Amino acid sequence: MYTIGYDLGSSSVKASLVATATGKSVAVVQEPETEMAIKALENGWAEQDPELWWTHVCNATKKLLAKTGITAAQISAVGISYQMHGLVVVDQKGAVIRDAIIWCDSRAVAIGNTAFAAIGTDTCASHLLNSPANFTASKLKWVAENEPDNFGRIYKFMLPGDYIAFRLTGIINTTPSGLSEGILWDFKERGIAKLLLEHYGIPENTIPDVVPTFSEQGTINTAGSAASGLAEGTVIKYRAGDQPNNALSLNIFQPGEVAATGGTSGVMYAVTDSLSSKEYERVNNFAHVNYTEKQNRIGKLLCINGCGILYRWLKDNTGASTYEEMNALAAQVPIGSKDAIMIPFGNGAERMLKNQNIGVNILNLNLNIHTKAHLCRAALEGIAFSFIYGMEMMMADGVDINVIRAGNDNLFRASIFSETVATLIGHDIEIYNTTGAIGAARAAGIENGDVTAIGKAVMENDYVNTYSPNEHKAEYQKAYEQWKTALEKLLSNN
């Protein structure tokens, strides 16, 4: 038997089949082949048609079955991962009222900031573990203020993954983890965040029924089967946002474990059992996939916008043909890049810098000393140092770090980057070949929320290698302190 997992992103839908006996991925497909369009009707807006997501889920399913020869009858369960913080609104008949407002849409920033001040920082910190900010609840309030006719037609609002589950089953429900990513979960009361609903004037009956993250969340109905090609009666057993799901895919469940991503942007997602949050304006706090009424498992998420995009820019503008060529050049240069410093924050405002936008800064460049190789090393070190800066912030917010696990993506394939982080933080970085779709499929196969089977599948099927701290910590530390001093001077002058 097999399970199927979906990873609904803003650029594509990935689908994976996993053998239940071994946890091994059989195949992964993507739909569409090119990136999905994002509508930007005004500056800072970002919308997508949920019907388009559904079409790609169905096409990916059929492609996957055709590619593998596996029949729908052999699939026992479904898991869904999805782009976080989005808003889908439907009427009494389940019809979508307007395009989804997705995660990267910033129209509700002012609404969230106003609510944060009005409700009170202490109340938000103790109940929501976050500022309302630009998350799902604030986006819904924007609809209420700017599209009252649409708001009046709302029967239920959903997150993107909730909508896909609804199209498969005809049932509208959500999870505590999902509500927390919309800042709609009260961690102190362990229930729906009524204080924010009341402040925003959002009727509580517009929230879907709440089901556990790991549970029988509905079965595929006749319409869902006909459209997707999956068998009627197949059960949906798991649902989570992409960052909690990415952590699950890397076997991150316990306090002290950190999932890291080093793509265009960088993400650190650390699990803690503490409900305390001091850095709620810079670090987001969500219910992790194994959060329950009896067990605190909080995922602290810190995002670095200016991450791998810098290394890609450097490749595109220095004539380098591959990242491997750049990594080889960087390896020729000593730790600290002969005092060349690169501050990587050139991809917009950085939440971890309290939304300051300081851009990329190249400092101490000496035209008689420095070459393209020094720039490559300074870029890798600068991005690595931004991870360390973020980890220090998270540790000050109560996070313990015992191990870091990362996917085998561009930055973590660069030994200089991974060794810099491992050495400065003083812990191993374990690298795995896996995807969110594979993680979602594995999660659909576990029973009673017992995540130990996922850890076994990850270790047996996905492990690549480990980067350990090396003997050059003093040299790395000196370079990091120079970088940090330069950054904090920029911030104080901005």
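## Aromatic pairs

Y163 is buried, as is F166, where buried means under 20% relative accessible area, exposed over 50% and partly exposed in between, computed with a 1.4 Å probe and protein chains only. The model is predicted, so local features need pLDDT of at least 70 and side-chain atom pairs count only at pLDDT 80 or more, whereas totals for chains, interfaces and linings use all residues. Residues are numbered from 1 along each chain as its sequence is written, and side-chain values use heavy atoms, with hydrogens and water left out.

The structure holds 17 aromatic pairs, a pair being rings of Phe, Tyr and Trp (its six-membered ring) whose centres lie within 6.5 Å, with planes under 30 degrees apart counted as stacked, over 60 as edge-to-face and the rest as tilted. The rings of W45 and W142 have centres 5.3 Å apart and planes at 85 degrees, so this pair is edge-to-face. W45 lies in the loop between β3 (25-31) and β4 (47-48) and W142 in helix α4 (residues 136-146), so the pair ties together parts that are 97 residues apart in sequence; helices (H or I, at least four residues) and strands (E, at least two) are DSSP runs, numbered from the N terminus. Both W45 and W142 are buried. Y163 and F166 form a tilted pair, with 6.2 Å between centres and 55 degrees between the planes, and, being three residues apart in helix α6 (residues 160-169), they are separated by about one helical turn.

## Nonpolar cores

A nonpolar core is a set of buried Ala, Val, Leu, Ile, Met, Phe, Trp, Tyr and Cys residues joined through side-chain atoms within 4.5 Å. In the largest one, which has 63 residues, Y311, F387 and F417 touch the most other members, and helix α13 (residues 372-396) supplies the largest share, 15 residues. Apart from this core lies another, of 60 residues, including V89, A133, I183 and Y280.

L65, in helix α1 (residues 50-68), is buried, with a relative accessible area of 15%. Leaving aside neighbours within four places in sequence, L65 is in contact (heavy atoms within 4.5 Å) with L17, I70, T71, I75 and G229.

Helix α10 (residues 242-249) is mostly covered, with seven of its eight residues buried, among them D242, P244 and L248. Just after α10, N251 takes a positive phi of about 65 degrees.
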